[in-house]
Amino acid sequence: MTTNTSTRGKMALFIGCAVLMAVAPFVIGSVLGNSWVRIVDFALLYIMLALGLNIVVGFAGLLDMGYIAFYAVGAYTYALLSSPQFGLHLPFYVTIPLGAICAACFGLLLGTPVLRLKGDYLAIVTLGFGEIIRIFMNNLNQPINITNGPQGVNLIDPIHLGDVTLGKTMQIGSLNLPVVYLHYYLFLILSVLVVILASRLQHSRIGRAWVALREDDIAAASMGINIRNIKLLAFALGALSGGVAGGLFASFQGFISPESFGLMESIMILAMVVLGGMGHIPGVVLGAVVLTVAPEILRDTIGPLQMNTFGRMIVDPENARQLLFGLALVVMMLVRPAGMWPSKRRALEFSDAKAKARAQKG
Amino acid sequence: MDIFLQQILNGLVLGSIYALIALGYTMVYGIMGLINFAHGEVVMLGAMVTITIVNALVNAGVSLPGPVILAIGLFVAIPACMLVGFTIERIAYRPLRGAPRLAPLITAIGLSISLQQIAILIWGRNYIPFPPILNQDVVTFFGASITKLQIFIIVLCLLIMTGLLVMVEKTKLGRAMRATSQNPSVASLMGVNVNSIISATFVIGSGLGAVAGVMVATNYDQAHYYMGYLIGMKAFTAAVLGGIGNLGGAVLGGILLGIIESLGAGYIGDLTGGFLGSNYQDVFAFVVLILVLIFRPSGLLGEKLADRA
Amino acid sequence: MADALLKIEGINKRFGGLQALSAVSLEIPRGSIYGLIGPNGAGKTTLFNVLTGLYMPDEGTFTFDGQDLFRAKPHKVVAAGIARTFQNIRLFSEMTALENVMVGRHIKSRAGALGAVLRDPRTRAEEAAIRDKAWELLEYVGITDVAGELARNLSYGHQRRLEIARALATEPKLLALDEPAAGMNPRETDDLRQLMAKVRDGGVTILLIEHDVKLVMGLCDRIAVLDYGKRIAEGVPDAVRKDPKVIEAYLGVAHE
Ligand SMILES: Nc1ncnc2c1ncn2[C@@H]1O[C@H](COP(=O)(O)OP(=O)(O)OP(=O)(O)O)[C@@H](O)[C@H]1O
Ligand SMILES: [Mg+2]
């Protein structure tokens, strides 16, 4: 009887959430305007990215600072195969999986040489890898024009199937669904899917092996875990998710250039994972949402705030935004090193480490 | 032949600057076992502050010889950078000693971003030219040319590095630093104040960074809020190449990397049949870094440490 | 010797200038408890690390149950049937006791990433079996009451037992224990002794490093003694106890 009511309660909660999610773009669109629906779309994309990186950093404990490279590979794969660049217009159900596979291959390519590296060293090498990819994207426009260099690729096809396209406002009965709404639904479904997949991975034999690796790689090896394979799997699966997100990004934006895949973006995604709560899926989702939305709120408020209080612009809003981001990273790590919403275990571990450090000092 | 010699000379200039910065990374790593990600920004600030002072003096119509003006700028920049380095350690690293490794890494990245943005607030986003106060006379030999300024850079770098090595070997502070880097808890039992040694390390490293920043600015005639990142990465590579934690290694790694880079940039076109051009120059450092970490992670002069089980 | 489970010959291991193991040979009979003793720094742990693939030996031969394991990777060694514990306990501190043992089931299970995301019936059944087996092992070593606790919150004695349970989860033929009684009180040591006897009676051969001479002499069928990386004695406990070289090695250390 009680279980019946609790499952019914869960059902109700689930349906409630689903309805809320379904009407969200209409509410946000009419209250805040469609530009905010676009921001929410990006938040969903970033959830996918952050969850992918979380597999590598959060689950397996491998500090990857070049993750954006996989996003780039996915995006460029889609863009080059579905745009006038080469006159190819392959459908999304070819290019997105292909981009994901390419990204996963790059994940293995990066993972193989760095198998023996740990911690800060791994961070630096992955960072370097990300930079190399970006430098190539920037320069592969000559002697053969592949990436179109710094100008990027333009007029990328939107996702479409037959006559149905996400690139134009859709009319269903009397309902008008603008492009950003359509992408909202697509991204929502996919990010829910990624959440489910990531959580299933976490609570599996593979997930346990990752945590074992993160906690103590020597003990993990001595328990029969093939360290090389389990690391490569983490890199490949993380990259896969990044590749899918990249393809979606390209189709959504219609335009990509190397500028979107710089070091700052990598740091941003890492910050989503770390500030959210490494290894904790709800925390990472929260981190992705907060770090996508907060800068936009700042963008909208810093300028007007200055105008109102000082009567003129003192600090360039973009500048102030970045400065706040940098300071937020510092303050968050000092105040809540386990992130905004850590798993209960992590929170404990961090407070233990702090207590230990304090004891050492005192 | 002359191209070859020319690239070697360019590489020497670049390399001695890298070496100076690499010392900052390597000293901190030797003592604390972590990479100071914000070090590049200290270098950038050193360049910016010096240019500002030099410009102020020039604009005020002070009629002193160029090198003297530059020296005045440096004497402001060095303490300023030392203060920044000291603060970085206090804010980003000291409270997180004993915390999981990711935490200080993120605070350091946060500080890096903040320092860049503060630089934008003060100096803007554009390149800042270095005023032409220095002698740009060129010396040529065997078909290669080098400015007197560049010769001066190389010599000054070598002098500073020798001074540092002597300091670490011979002075009380140097001994305390070596003791701390070997084993902090034993060092503190022997009466070494580990906290002040760590502070001193950051301060000295930042001072060297300031000098290096000025050299970069004079060598390229400009400075920029983002210059710290790339040069920092390269200097870090140099430190790893030489064997991180090893001072002599940092010097060797810096000079080697400088030469590899300029030779690479000079010949990559020929090597790849024109497919890749010198715009790939920045790739070399990363490739070297990755290769070293894969094949000889302990670097050229570092000792090999097995993983203790 | 009737049936050797593990046989090494002429194993050398150097760390830079330090010869940590020189020409060490051992033969461990199946079904026995084999003691490995020696003064601090003698190379006992190093030998363990060589046997479990964590260190690469420089020379020698190493066969286990008919397989050549010379320079084999750790996971290969585990698959061949050697499991170990560590001198300075290496549990997965952020995992619960039960999860720690579940990790030990890794090589005895197969589900990959695809199974994990699909959660097909076979994967689910396997997962349930892993859990059951892990629980069974906690029962076996007698720590089910802390199954849900994080490993790092366990008492020292419990951690030692958990490490043994985790090692047993790989279903080893040889269980290598590195000073399992270190830091235990006499009662805990006695419990541990019984546990080891139980494991041996269950058909698992044990290789035991231990400083507690009483424990080793009472429990082991044979003993090898290492000193400065060399095997200086080997035999049944009574013979080893009387061996002048062994007495000298230990007295030499005691004098320091
Ligand atoms: N990874 C390593 N690198 C360098 N030297 C090592 C390494 N591992 C062990 N040694 C050295 O090898 C020698 C043997 O050490 P080992 O740990 O095997 O001794 P042990 O017999 O287990 O001693 P204890 O009883 O103290 O545990 C010691 O001198 C030790 O310092
Ligand atoms: Mg030992």
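Contact means heavy atoms within 4.5 Å. This is a predicted model, in which local features need pLDDT of at least 70, side-chain atom pairs count only at pLDDT 80 or more, and totals for chains, interfaces and linings use all residues. Residues are numbered from 1 along each chain as its sequence is written.

**Magnesium site in chain C**
- T45(C), through OG1, and Q87(C), through OE1, coordinate the magnesium ion (ligand 2) at 1.9 to 2.0 Å.
- T45(C) belongs to helix α1 (residues 44-51) and Q87(C) to the loop between β6 (82-84) and α3 (97-104) of chain C, so the pair ties together parts that are 42 residues apart in sequence.

**Interface of chain A and chain C**
- On chain A, 31 residues are in contact with 35 residues of chain C.
- About 3000 Å² is buried between the two chains, 59% of it on carbon and sulfur atoms; buried area is the accessible area (1.4 Å probe) that two parts lose on being put together, summed over both.
- R205(A), R208(A) and M223(A) supply 29% of the area that chain A buries against chain C, more than any other three residues.
- The interface holds three salt bridges (a side-chain nitrogen of Lys or Arg within 4 Å of a carboxyl oxygen of Asp or Glu).
- One salt bridge joins the side chains of R214(A) and E94(C) (3.1 Å, N to O).
- With eight residues, α7(A) gives the most to the side of chain A that touches chain C.

How values were computed
Chains lettered and ligands numbered in written order. Heavy atoms only, no water. Donors = N, O, S within 2.8 Å, 3.2 Å for Na, K, Ca; no water. Helix = DSSP H or I, 4+ residues; strand = E, 2+ residues; numbered from the N terminus.
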